[in-house]
Amino acid sequence: MRALGVLDGLLQSQRGDLFPWVPVLFGIGVGLFFSLKFEPEPAHYLWGAGIACVALALLWRGDRQDTVVFLGWTVLLIAFGFAAAGMRAHAVGAPVLQHRSYGAVEGRVIAIDRSARDRLRITLDQLFLDRIAPDQSPARVRLSLPEGARVPRLGDRVMTTAHLMPPQGPVEPHGFDFRRHAWFQQLGAVGYTRVPVLIINRSPRDLPVEQLRQRLSTGIRSQMPVATGGFASAITTGDRSGIPQVALEALRASNLAHLLAISGLHMGLLAGVVFGGLRLLLALAPAAAQRVDTKKLAAVGALLAASAYLLLSGMQVASTRAYIMVAMMLGAVLLDRRALSLRAVALAAMVILVLRPESLLSPGFQMSFAATTALIVVFGGLRDRLTPTGPRWQRMAAGVVLSSLIAGVATAPFGAAHFNMISHYGLLANVLAVPVMGALVVPAAVLSLCLAPVGASWVGLALMDLGIGWILFVANWVAALDGAQGAVPMPPALVLPLVALGGLLLGLWRGRLRLLGVPVLLGAALIWHGSPRPEVLVAPNGGIVGVLTAEGRALSRAKGHGYAAERWAENDGSLRTQAEGAQLWQLVAGPEAPGKSVTAYLAATDQRLIHVIGKAAAEALTVCAADEVVISAKSVAPVGDCLVFDADALHRLGSVQMDAAGRWTSVRDVVGARLWSHDPVRSRSYQLQQ
C-alpha cells in the first residue's frame, strides 16, 4: 500500500496532458503481438477481451484516483493495440507461394519501383499463374525486369514468363524479416523475368489516381535532366524509380535521403506556400478582403492542396502522418485554436497505428515520429524560456541549424539500427540543402502546377532544376569527404524499444520522473555496445557461410549469394565487400575437403566446419566426425555423428547462427510459427482464418 501511495503521489505531482501517451500504450500492445513466437488463438483474444473489461471496470469506478485511471487506460490501450494488430494480420491474409516455380505470369501492374540493385520492378495483382490453382494463387507478385525493358503503365495488364519464389526469410536469425513485410503487403511471391513484358490490355479508367501520378512523373522527368528529374518526381508523386543509383547513394551518405520522402517537410512547405500565396492574392483584392476572413479562406485552400498532394504521394506512412498534422494545424486556424502540439502528433500516430499496426516496425514510422516529437518538445521549451533576439536572418539561420541538429539526434539511433550507417557530416549537408528545399524547390513545384493549365509549367520546373541541382551538388560533395560515413553493428532487439522509452520519458513526462529517461537511454547504449556478433552465420539456402575473425567476417565464397554477404557486412558494422571478406577465409581455413568443399576451424568450439559447395562435393561427402559441422545447399546424408545443416534442414529452420558459447540458433527459434513464416503451422492458421 505504501508503494502505491508513492506512485500515486508521483503521478499527481507530475500530472499533465497524458493524451500523447495514448499511441505509446497502443503501440506497446502492437509490439507485444509482433514479439510472440506463436500465432494467438481465439482463446488468447478472449483473454484479452476479459482484461479489457477489467480495465473498463477500473475506469468506471466511483473512485477516480489518478493511479487507478492511468492503470485502467494503460491496460485497455495495450489490449486494443494487441487486438488491432491481430485483426490486421488476419485481414490481409492471402496465399503465399510454397515453392519455386517457372512459367507464365499474367496480371495488372499496380506499382513500379527500383530494387536496391537498381533493377526496375513491377508489382502485379489480379494474377493468373501457370500450373497454380486460382485459389492458391498469391494476391500480388513482384518481378524484376531485365535491363532496358519497356516500362508498362500502371493499370496495364501484362504477361511474361518468370522465375518465382516465396518471400525469403531473414539472412540471419535476428535480422530483418522480409516475409513479415511481404505478408502485410499481400506479396505472395517475388521473382524475375529475362524476357520482355507483353502488354495485352490497356485500361485508361483503371487505377485513375495511380495513372495520374505516373503521367505527372513521366512529364516531369521528360522536361528535366535525369538526376534532377528523378528527384523532382520523387518529391512530387512519390515515384523514386527514376532516381539514378549514384545520386541515391550520395543522398544517403550525406543524410539527405529524407528529402525524397514526402513527409512533414514537404507537406508543411506545400501547405505554407499555398496558404501564404492565397492570403497574398486575396489581400490584393481589397473588396474581397473586407468581406471575408482571408486567413480562414486561405486555410481551406491549403487543406485542399494538401489533400490532393496526399493522394498523389501514394498515402505512405510519412505523408499520411504529415497530412494529419497539417490538417489539424489548418483546422486549428479555422477554429481559432493553437495549431501545433504534441496532441497533433499523438493523433497522427494513433490513426496510422489503427489503420496499419505493422508500420510500428518500419524505420519510416519510427524516424518520422521521433523527429517530429523532438522538434515540438524542444522548440516548445525554447519558446517558453527564450526571447528571440538579433536580426531576422540570424534567427532563421539558427532555426535551420537547430532543427537539423534536433532531428538528426532524434533519428540517429533508429537510422543506425535499421541501416547500420551514420552520416558524420549530415548536419552540414542539411544546413546547406534544407533552406534551398523550402525557399526554392517546393515553391517552384507549386508554381509549376499552377502554370500547367496554360502550358508554362517549364518555368517552375526550371527553378526546381536549379534548386535540386544544388541539393545534389551538396550531397555529392559531402559524400566524397573523408569519413563521410561510419558503419555500426546491428543492435539487439531490446535496444530500440529502450531508446524510444527513454526519449519519450524525457520529452513527454513532467517533473523529476522524466530524468528516468537518462539511465534508460544509457542502458540501451550499453546493451548495444556490449552485444557480440555471431561467430558463424549460415545463409538461408546454405550457399554461403561467414565466420567471425579478429579482422572481420571471413566468407566462404567470393561470388554469388551477394545479398546475404552484403547484409552480414552491414549488420557487422563493416564496409568490406564480399571479395574482401572471402580473402579473410585463409585466417580460419582448415585442411582440404572432398570436391569443392571448403573448411574452417572454429576456435570457439574446437570444431571443423565443412561448407559443401556444389552437387559433386555433396555426393563426395559420405562420412563425417562428431567434431565437424556440415553446411550444404544440397541434401547430404554423411555417416557419422556430425551436426548437419543441409538443404532440408535449412528449409525447415531458415538461416542459422552460432554464438561464442557454441549455441546454434535458427530463424525458426527466433520467429516461431507465425502467419507469415510459411510452415505447416502457418498454413493451418491461414486455413482456420478462412
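Student: Which helix does Val351 lie in?

Tutor: Val351 lies in helix H13, which covers residues 342–355. Keep in mind that we're looking at a predicted model here.

Student: And is Val351 buried, partly exposed or exposed?

Tutor: You compare its relative accessible area with two cut-offs: under 20% is buried, over 50% is exposed, and anything in between is partly exposed. Val351 comes out at 30%, so we call it partly exposed.

Student: Which residues form the nonpolar patch on the surface?

Tutor: That patch is made by Leu347, Val351, Val354 and Leu355.

Student: OK, next topic: aromatic rings. How do I describe a pair?

Tutor: You give two things for a pair of aromatic rings: how far apart the centres are, and the angle between the planes. In this structure the count is 10 aromatic pairs. Take Phe34 and Phe184: their ring centres are 5.6 Å apart and the planes meet at 65°, so this pair is edge-to-face.

Student: Where do Phe34 and Phe184 lie in the chain?

Tutor: Phe34 belongs to helix H2 (residues 22–35) and Phe184 to helix H5 (residues 178–184), so their pairing ties together parts that are 150 residues apart in sequence. Both of these residues are buried.

Student: How is the pair of Phe34 and Trp676 arranged?

Tutor: That one is tilted, with 6.0 Å from centre to centre and 35° between the planes. Trp676 is in the loop between helix H24 (667–671) and helix H25 (680–689), while Phe34 is in H2, so this pair ties together parts 642 residues apart in sequence. Phe34 and Trp676 are both buried. Step back and you'll find a cluster linked by ring pairs: Phe33, Phe34, Tyr45, Phe82, Phe184 and Trp676.

Student: What about phi angles?

Tutor: The general idea is that most residues other than glycine have a negative phi. Now look at Gln126: it isn't a glycine, yet its phi is positive, about 50°. Gln126 sits in strand E2 (residues 120–129) and is partly exposed, at 45% relative accessible area. Gln186 also has a positive phi, about 55°. You'll find Gln186 in the loop between H5 and strand E5 (187–192), partly exposed at 26%.

Student: What is the mean pLDDT of the protein?

Tutor: The mean pLDDT is 84, and 91% of the residues reach 70 or more. Over residues 1–15, though, the pLDDT is below 50. Residues 680–690 also stay under 50, so read those parts with the predictor's confidence in each residue in mind.

Note on methods:
Residues are numbered from 1 along each chain as its sequence is written. This is a predicted model: local features need pLDDT of at least 70, side-chain atom pairs count only at pLDDT 80 or more; totals for chains, interfaces and linings use all residues. Side-chain values use heavy atoms; hydrogens and water are left out. pLDDT is the predictor's confidence in each residue, from 0 to 100. Contact means heavy atoms within 4.5 Å. Patches are made of residues with over 30% relative accessible area and no salt bridge: like charges are joined within 9 Å, nonpolar side chains (Val, Leu, Ile, Met, Phe, Trp, Tyr) within 5 Å. Accessible areas come from the Shrake-Rupley method with a 1.4 Å probe; for residues, only the protein chains shown count as cover. A salt bridge is a side-chain nitrogen of Lys or Arg within 4 Å of a carboxyl oxygen of Asp or Glu. Helices (H or I, at least four residues) and strands (E, at least two) are DSSP runs, numbered from the N terminus. Buried means under 20% relative accessible area, exposed over 50%, partly exposed in between (1.4 Å probe, protein chains only). Rings of Phe, Tyr and Trp (its six-membered ring) pair if their centres lie within 6.5 Å; planes under 30 degrees apart count as stacked, over 60 as edge-to-face and the rest as tilted.
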